[in-house]
Amino acid sequence: MNFEEWFERSVGDWVSHRRYLSGKQRVSDSLSVHFSLTKESENGFKLVWCSERNGGEMIFTLKGDVLERSRSYYKEEGSTTRMERVDEDTVVFWSAYDGQEFREEIRYVSGGRLRQTVATKNEKVMLVGQYWEERVEVKGHEGAK
């Protein structure tokens, strides 16, 4: 299975239940985010997300084992991510921006997705995120909004 087929498994509407540990004090924070992924072209996908804190839109373009993002999660400028297949259900994403390095793993499991992110800066852990993402039925409108 190639990366395009792996991404196609995520097309649809989802809710992401997130828990973060961040900063030197390891402050805990929880958040729910609604998001939608649509296929826009043979190798392109559009992600739209919203929560009580923020929302946004990002275009993904697949080029072999590289994922080009139209923006990063924190800034409007684009970013490039290297992808690695672990198995049929799991991909690891490697990114770096704003002086931080990110390792994100997404695994399809039991009808949902388990996602984990670790951000480091100067070899120190700055952020740990865990997410349980489940597909939702959206009636009467399209997208995450």
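1. The charged end of R9 sits over the ring of Y108, 4.1 Å from its centre. The criterion requires NZ of Lys or CZ of Arg within 6 Å of the ring centre and within 35 degrees of the ring normal.

2. On provenance, this is a predicted model, in which local features need pLDDT of at least 70, side-chain atom pairs count only at pLDDT 80 or more, and totals for chains, interfaces and linings use all residues. Residues are numbered from 1 along each chain as its sequence is written, and side-chain values use heavy atoms, with hydrogens and water left out.

3. A search of the whole structure finds nine aromatic pairs. Rings of Phe, Tyr and Trp (its six-membered ring) pair if their centres lie within 6.5 Å; planes under 30 degrees apart count as stacked, over 60 as edge-to-face and the rest as tilted. W6 and F93 form a tilted pair, because their ring centres are 6.0 Å apart and their planes stand at 55°. W6 belongs to helix α1 (residues 3-8) and F93 to strand β7 (residues 90-97), so the pair ties together parts that are 87 residues apart in sequence. Helices (H or I, at least four residues) and strands (E, at least two) are DSSP runs, numbered from the N terminus. Ring pairs also link W6, F7, F45, F60, F93 and Y108 into a cluster.

4. Both W6 and F93 are buried, where buried means under 20% relative accessible area, exposed over 50% and partly exposed in between (1.4 Å probe, protein chains only). The largest nonpolar core has 26 residues, of which W6, F7, L47, F60, L67, M83 and F93 touch the most other members. Such a core is a set of buried Ala, Val, Leu, Ile, Met, Phe, Trp, Tyr and Cys residues joined through side-chain atoms within 4.5 Å. Elements that each supply at least two residues of this core include α1, β1 (12-22), β3 (44-50), β4 (55-63) and β10 (124-135). The largest share, four residues, comes from β2.

5. F60 lies in strand β4 and is buried, with a relative accessible area of 6%. F60 and L47 are 13 residues apart in sequence, with a C-alpha to C-alpha distance of 7.6 Å. G44, in strand β3, counts as buried at 5% relative accessibility. The C-alpha atoms of G44 and E4, 40 residues apart along the chain, are separated by 8.5 Å.

6. The largest pocket has a volume of about 740 Å³. Of the 32 residues that line this pocket, R18, Y20, Y73, R115 and Y131 are the closest to its centre. On a 1 Å grid over the protein atoms alone, a pocket is an open set of points where a 1.4 Å probe fits, with protein on both sides within 12 Å along at least five of seven lines; lining residues have an atom within 4 Å of a point. Strand β2 (residues 27-41) gives the most to the lining, with five residues.

7. D98, in the loop between β7 and β8, has a positive phi of about 55° although it is not a glycine; D98 counts as partly exposed at 35% relative accessibility. N122, in the loop between β9 (112-121) and β10, likewise is not a glycine and has a positive phi of about 50°; N122 is exposed, with a relative accessible area of 66%.

Terms used
Grid points are joined across faces, edges and corners, and a volume is the space filled by probe spheres set on the points.
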